[in-house]
Amino acid sequence: MKHLLLTTIAVLLLVGCAKNNIKLINKGAKDWQEIEIKAGGQVFEVKKLKGGATDTLRFTSEAEDGGQVSGKLDGLAHNVEFGYFTPNLSTRHEIIFDDNGTITTVEVP
């Protein structure tokens, strides 16, 4: 009986801990600078994403909100809105940076 109670408590705690994954992909050869991602009530900063590099952000949402990503390429700022984050659901996104200044976001099933 004690084992069942502990298992039930563990499951209930994990339900509220939905994780989000955001994968940053630089498909170009140029370096992106000063990347800022706002999602789930949090702000993440990446100083530089070199050409051809990838990085992954894993986090738990603290608030319900939409996402936003901004970055600089060749001194020009670019930004785009993406997704929706909530503490109760897990999401996976890919943010793709290209040499022509486009930022593409894709929700991954």
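Trainee: Which residue in β6 is the bridge partner of Gly 71?

Mentor: His 78 is the partner of Gly 71. Bear in mind that this is a predicted model.

Trainee: How many bridges are there between β5 and β6, and in what sense do the strands pair?

Mentor: Nine bridges, in the antiparallel sense. β5 covers residues 65-73 and β6 covers residues 76-85.

Trainee: What sits between β5 and β6 in the hairpin?

Mentor: Two residues separate the strands there. Asp 74, in the turn, has a positive phi of about 55°.

Trainee: What is the strand order in the open sheet?

Mentor: The order is β3-β2-β5-β6, four strands with antiparallel pairing.

Trainee: Change of topic. Where is Thr 91?

Mentor: Thr 91 lies in the loop between β6 and β7 (92-97).

Trainee: Is Thr 91 buried or exposed?

Mentor: Buried, because its relative accessibility is 11% and the cut-off for buried is under 20%.

Trainee: What does Thr 91 touch, leaving out residues up to four places away in sequence?

Mentor: Lys 19, Asn 20, Asn 21, Tyr 84 and Phe 85. With Asn 20 there is also a side-chain polar contact of 2.8 Å.

Definitions and conventions. Residues are numbered from 1 along each chain as its sequence is written. This is a predicted model: local features need pLDDT of at least 70, side-chain atom pairs count only at pLDDT 80 or more; totals for chains, interfaces and linings use all residues. Side-chain values use heavy atoms; hydrogens and water are left out. Two strands pair if DSSP finds at least two bridges between them. Buried means under 20% relative accessible area, exposed over 50%, partly exposed in between (1.4 Å probe, protein chains only). A polar contact is a pair of N or O atoms within 3.5 Å; within protein, one must be able to donate a hydrogen and the other to accept it, and residues adjacent in sequence count only if both atoms are side-chain atoms. Contact means heavy atoms within 4.5 Å.
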